[in-house]
Amino acid sequence: MKLSNVILTATLVYKVLAGCFSESLGYNCCKGCDIILTDDYGSWGVENNDWCGINDSCNGSSAACWSLPDYPCCTGNEVVYTDSDGDWGYENNQWCGIAKKDENDEKESDKNDSCWSLPEYKCCSEGIESIFEDSIGKWGIEDNEWCGIKANNNKTTNKPSNTKTTKASTKPSTTVTDPIYNKNRKQSPYPEAKDGCGSWALIDNVCCAEYCDNEDSTQGCSTCGGHGSPHCKVVDSFACRSGDRGYDFHEIPTEFHYSRSTHFGITVAGACGFGLYQVCGKNLKYTGEFAKLCDAFCKAYPSLCQDPEGLTYRGNFAAPQGNYYTQFWGILEGDQDNYLSCGECFEVYKTKEDGTDYKPGEEGYTPPVLLSVIDSCPCSANGKWCCGSEWDQCQEVNNFKYGCPVPKDSIHLDLSDVAMARLQSGTPDGHMPAGVIPNKYRRVPCPRLGNMYIWLRQNASPYWFSFTVVNSAGFGGIAILEAKNDEGKWVKLIRDPNYTMARPQERFGTWATPQDSGPYNLPIDIRLTDGSGITIVAEEAIKSFTPPADALRDYYYIDIGVNFPEIPMPE
């Protein structure tokens with residue numbers, strides 16, 4: 001468990017009797033009394049993942065449940081894990097804190113009976129032998145899976161050859177340190193643009209697409225008089241900046257949406273910076289240089305080329321419209337462009353032109369594809385398809401019920417050739433007679449296929465390094481990434497700052513250490529928080545800055561030993 005230290009106090013319960021100072025500032029009054037922060041306004045707490053004001057009736061006392069506000073207090077007393085903070089339970093699929101017993105009542109047998117490996121690993125059945133011991137406890141293997149051995153159920157301790165040294169602590173993360181970072185915070189205006197926009201227009205300090213309002217299906221205004229001409233219309237800046245799509249950590253929304261998809265080929269240069277990840281797969285047949293690279297990649301990293309059972313996945317990737325790729329979340333630090341949808345997963349179905357489904361066995365039916373976001377389709381560069389509802393210039397598909405413009409709550413997905421071929425012909429290398437197809441899609445959990453990897457970039461050192469994270473299960477997108485420096489401090493990494501702010505939808509997905517935040521001497525722990533607020537720690541994730549001699553040149557991926565919990569696919 002990697003949690004901040006808190007003081008365990010006696011059980012005190014308070015009822016808020018009247019209003020408090022925070023209501024005039026737009027925040028609710030707290031029901032409890034646990035103080036997180038005090039400023040000129042008063043004392044603040046956190047409840048339901050939002051800031052609230054502490055009522056004067058608390059009289060400076062803190063709430064009984066020491067695990068608040070990060071985790072709720074348990075309703076029961078079953079201990080499944082104990083660390084320096086206290087005893088933990090696991091109820092309703094989340095961690096919870098157990099109020100401390102009186103010292104005179106605490107029995108050693110209670111500690112011995114605790115199943116400390118839950119929920120990541122089950123507890124071993126009676127009689128399972130211990131084959132490995134680390135700083136967390138003793139481990140056995142049951143049904144070909146690791147399991148935790150209770151303290152009173154140990155047999156032997158023999159260290160296995162396949163040493164398992166990294167465990168994950170999957171808990172919600174409290175990342176805010178100041179009330180200014182909250183779900184109601186809005187995106188700030190973009191700074192004055194210093195660079196030109198070429199053939200695109202500059203509006204509200206972002207580069208944006210423009211089109212001829214007297215013509216159908218145009219990109220740019222070259223055929224109607226150019227910039228500033230009477231028939232040249234500029235797309236609203238909303239379509240060209242970061243999308244105001246998420247303000248707080250949230251679960252995966254799995255409702256279906258209707259849209260259409262184009263395709264853009266095969267690339268290792270997507271904006272997310274994933275390299276060969278998702279391009280290569282063991283069931284894909286490329287030719288030329290791609291074939292050589294993917295053969296070597298899949299040999300070195302077999303789990304990164306594996307498909308989930310019954311689904312096609314590797315080779316399926318997408319570039320969503322730019323204001324979905326780049327987003328602003330009020331809960332995260334930064335004024336613009338502070339979340340990228342890299343790694344999120346979608347399930348996509350080809351539909352008929354009227355939006356109805358093909359039935360299995362019906363002519364035209366193909367199975368759906370599972371795909372991952374690895375790139376962006378900026379509005380400025382592709383005004384025809386990627387500006388979103390009300391602004392698309394794609395009238396040639398007006399025979400699609402949901403084709404042009406897309407519905408207001410839908411986005412455009414530009415697909416890899418492999419995904420498009422599978423949706424049109426059912427095979428990864430099949431025919432693609434149509435350049436654009438109608439579809440329905442939904443966000444889904446990403447499969448858990450082995451551990452996460454990081455693609456460590458060249459010239460890494462204790463004073464600077466950068467990498468991207470791939471193969472993330474569950475939510476898929478990483479919201480916060482931290483590394484522990486030599487002072488033992490967790491430092492938040494930043495997205496690659498080398499991009500033009502006037503073109504936010506082209507932001508690169510690599511994470512880098514902030515300037516002057518080192519040194520970070522090996523081995524380096526990293527901490528990852530996904531878009532749903534789940535945090536895991538990968539201890540000793542980076543053990544070397546230098547690729548081994550047999551590593552694939554320019555593609556040094558490191559297994560960090562952990563992944564987020566698997567989430568079942570929706571029905």
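Colleague: Why is Gly76 called partly exposed?

Modeller: The model is a predicted one. Gly76 has a relative accessible area of 24%; buried means under 20% and exposed over 50%, so a value in between is called partly exposed. Gly76 is found in the loop between β3 (50-53) and β4 (81-83).

Colleague: What does Gly76 touch, leaving out residues up to four places away in sequence?

Modeller: Glu91 and Ile98 are touched by Gly76. Tyr90 is 14 residues from Gly76 in sequence, and their C-alpha atoms are 9.4 Å apart.

Colleague: Why is Gln327 called buried?

Modeller: The relative accessible area of Gln327 is 4%, and buried means under 20%, so the label applies. Gln327 belongs to strand β17 (residues 326-327).

Colleague: What makes the pair Gln327 and Trp329 a polar contact?

Modeller: Their side chains are joined at 3.0 Å. The cut-off for such a pair of N or O atoms is 3.5 Å, one able to donate a hydrogen and the other to accept it, so the pair qualifies. Gln327 also lies 7.6 Å from Ser341, C-alpha to C-alpha, across 14 residues of sequence.

Colleague: Why are Asp204 and Asn459 called exposed?

Modeller: Asp204 has 53% relative accessibility and Asn459 has a relative accessible area of 70%; exposed means over 50%, so both labels follow. Asp204 lies in the loop between β11 (201-203) and β12 (206-208), while Asn459 is in the loop between β23 (453-456) and β24 (466-470). Neither is a glycine, yet phi is positive, about 55° for Asp204 and about 65° for Asn459.

Colleague: How do you know that β2 and β3 pair?

Modeller: Strand β2 (residues 43-47) is joined to β3 by four bridges; at least two are needed, so the strands count as paired. They run antiparallel, and Glu47 has Asp50 of β3 as its bridge partner. Both faces of β3 are covered, with Asp50 and Cys52 buried on one side and Trp51 and Gly53 buried on the other.

Colleague: What makes β16 and β20 a pair, and in which sense do they run?

Modeller: Strand β16 (residues 317-320) and strand β20 (residues 369-373) share two bridges, in the parallel sense. Since at least two bridges are required, the pair meets the criterion, therefore it counts. One of the bridges links Phe317 with Ser372 of β20. Both strands belong to a closed barrel of six, β15-β21-β16-β20-β19-β22, with mixed pairing. Its twist averages 45° from one strand to the next.

Colleague: Which residues have the most contacts inside the largest nonpolar core?

Modeller: They are Leu276, Phe297, Phe346, Val348, Leu413 and Tyr557, in a core of 50 residues. Helix α2 (residues 288-300) gives the most to this core, with five residues. Apart from it lies another core, of 27 residues, including Leu456 and Phe465. As for Phe346, its contacts beyond four places in sequence include Tyr324, Val369, Ile411 and Leu413.

Conventions. Residues numbered from 1 in each chain as written. Predicted model: local features only at pLDDT ≥ 70, side-chain atom pairs only at ≥ 80, totals over all residues. Heavy atoms only, no water. Core = buried A, V, L, I, M, F, W, Y, C linked by side-chain atoms within 4.5 Å. Buried < 20%, exposed > 50% of the residue type's maximum accessible area, 1.4 Å probe, protein only. Contact = heavy atoms within 4.5 Å. Axes fitted to C-alpha atoms, helices over the stretch in contact; angles between N-to-C directions.
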